[in-house]
Amino acid sequence: MTAVLSADTCCTAPIAKVSGADLQVPLVQGGECSYANFDYAASAPALAQVTDRIAELLPTYASVHRGAGYASRISTLTYENARESVARFVNCADDQVVVFTRNTTDSLNLLAQCVPGSTVVLDVEHHANLLPWNDARIVTAADTIEETIERLIGELCTKPAALLAITGASNVTGEILPIARLADIAHRCGARILVDAAQLAPHRRIDLQECGVDYVAFSGHKLYAPFGAGVLVGRRDWLDEAQPYLAGGGAVREVTVESTEWACAPARHEAGSPNVLGAAAIATACETLHALDFDVIAEHEKALTAQLTDGLSAIEGVSLVRLWNDAPDAVGIVTFTVDGFEAGEIAAFLSAEHGIGVRDGRFCAHPVLARLGLSGGAVRASLGLGSSSDDVTRLVDAVNILVSNQRDWKYAKTAGAWNPVPETRPFLGAADDNAGAAECV
């Protein structure tokens with residue numbers, strides 16, 4: 001059977017202005033169409049408020065700290081005020097500090113060198129929260145959150161651990177774990193907790209004091225601030241006791257040829273000239289999301305997610321991917337497979353003939369995809385502030401066309417990547433027809 005969306009499908013409009021909202025993309029069969037972005041979980045477009053703030057700051061950009069010039073003073077205030085904005089966004093406790101990094105991966109690698117013991121993690125994690133830990137104890141998640149939590153308790157009680165590192169929302173399925181409950185469990189077992197909030201922070205309110213989380217990490221490029229910065233927020237003591245993440249200027253109090261007196265966190269882990277504009281972008285995104293209200297954000301994405309899951313579920317041969325059958329909540333991520341088609345082929349078709357951008361592959365979560373029997377990958381459609389019900393309708397209709405064998409073009413796999421044959425679309429900066437064809441997993 002094929003799905004037919006009713007004419008009275010509720011119209012859900014974007015709730016914020018983002019860059020690329022008016023982007024027109026070429027189609028292989030000729031002509032153009034508006035771009036339907038379903039790749040927010042990989043990198044979100046910039047909020048208009050963020051790009052406006054960057055444009056405002058560029059004329060006074062200068063190196064921060066220890067500069068008496070007017071531009072340097074402005075940039076220093078901008079940088080340190082950004083730290084305060086992030087602290088308010090996650091409701092830091094008095095003993096927690098904000099360290100600016102490059103992204104979530106950078107933040108987790110920084111924390112990994114500070115942990116005085118072993119770290120317990122689930123096998124469902126993004127590689128960024130799976131690979132950095134020096135003494136990782138990996139727990140296989142069960143089919144339910146409840147049984148998964150029981151397995152975590154068993155591991156934490158069997159042998160002391162310093163840290164429980166957990167995802168806030170799965171980057172594969174969007175399913176949300178009960179982080180306040182897990183924080184309580186970790187503390188009762190003598191461990192601290194780190195939440196990888198790369199996927200959670202753009203969609204749900206994070207209150208570190210309310211949920212009892214010790215450390216949280218997230219990226220600007222997923223928070224509608226794609227300007228090369230991320231954050232690690234957490235308790236000061238481990239950060240002060242660890243060796244600096246990088247050695248260099250800005251991380252010190254005093255240097256002689258015989259010795260170095262290192263600064264305390266956050267400066268201790270921010271050596272070198274910092275990304276002032278990236279920090280300001282994250283701060284502006286935090287302020288904008290807070291003003292927008294996370295209840296409104298959740299309502300918007302839940303309406304679109306329901307429309308998308310209902311539409312895809314009604315198409316023969318389409319299977320939705322889930323980690324747990326009892327997850328009570330999820331952010332706007334819908335991952336699926338289509339019988340008879342590789343994930344890359346589906347993504348290539350959606351892009352080439354319908355102007356729809358999705359993510360395909362294993363989403364930097366190879367172990368859990370393998371356990372789910374999806375070593376060949378899947379297709380991930382992710383929603384954000386700029387998504388609309390019209391976008392969802394286009395995606396569902398396009399998948400219907402795919403399974404009905406009504407494609408207009410042929411596709412071939414070359415060097416690990418699927419491409420339309422022939423490729424008629426121009427690509428800016430492309431050296432040849434194979435540009436961008438490197439395998440992406």
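**View 1. Proline 422 and its cis bond.** Proline 422 lies in the segment that follows strand 19 (417-421), where strands (E, at least two residues) and helices (H or I, at least four residues) are DSSP runs numbered from the N terminus. The peptide bond that joins valine 421 and proline 422 is cis, with omega about 0°. This view, like those below, shows a predicted model, in which local features need pLDDT of at least 70 and side-chain atom pairs count only at pLDDT 80 or more, whereas totals for chains, interfaces and linings use all residues. Residues are numbered from 1 along each chain as its sequence is written, and side-chain values use heavy atoms, with hydrogens and water left out.

**View 2. Proline 266 and its cis bond.** A cis peptide bond also runs from alanine 265 to proline 266, and its omega is near 10°. Proline 266 has its place in the loop between strand 12 (260-262) and helix 8 (276-292).

**View 3. Helix 8 and the residue that follows it.** Helix 8 is followed by aspartate 293, found in the loop between helix 8 and helix 9 (294-313). Although aspartate 293 is not a glycine, its phi is positive, at about 90°, and with 34% relative accessibility the residue counts as partly exposed.

**View 4. Histidine 65 in a loop between two helices.** Histidine 65 has its place in the loop between helix 1 (48-57) and helix 2 (70-90). This residue is not a glycine, yet its phi is positive, at about 65°. Its relative accessible area is 30%, and histidine 65 is therefore partly exposed.

View 5. Helix 10 (residues 343-354) has twelve residues and reaches 16 Å from its first C-alpha to its last, close to the 16 Å expected at 1.5 Å a residue. Helix 10 is mostly covered, with eleven of its twelve residues buried; among them are Ala343, Glu345, Phe349, Leu350, Glu353 and His354. Just after helix 10, glycine 355 takes a positive phi of about 65°.

**View 6. Serine 118 and its contacts.** Serine 118 is found in the loop between helix 3 (104-112) and strand 5 (119-122), and with a relative accessible area of 7% it is buried. When neighbours within four places in sequence are left aside, serine 118 is in contact with Asp135, Arg137, Pro160, Ala161, Ala162 and Leu163, contact meaning heavy atoms within 4.5 Å.

**View 7. Leucine 223 and its contacts.** Leucine 223 is found in the loop between strand 9 (215-219) and strand 10 (230-235), and at 1% relative accessibility it counts as buried. Apart from neighbours within four places in sequence, the residues in contact with leucine 223 are Ala201, Pro202, Phe218, Ile282, Ala285, Cys286 and Leu289. From C-alpha to C-alpha, leucine 223 and serine 375 are 29 Å apart in space, and 152 residues apart in sequence.

**View 8. Threonine 158 in helix 4.** Threonine 158 is found in helix 4 (residues 145-158), and at 65% relative accessibility it counts as exposed.

The secondary structure of the chain comes to twelve helices and 19 strands. The radius of gyration is 23 Å, close to the 22 Å that the globule rule gives for 441 residues, so the chain is as compact as a globular protein of that length; the radius is taken over C-alpha atoms, and the rule is 2.2 Å times the number of residues to the power 0.38. Buried residues make up 53% of the 441 residues. Of the contacts between residues at least 6 apart in sequence, 70% join residues at least 24 apart.

How values were computed: Buried means under 20% relative accessible area, exposed over 50%, partly exposed in between (1.4 Å probe, protein chains only). The expected span of a helix is 1.5 Å times one less than its number of residues.
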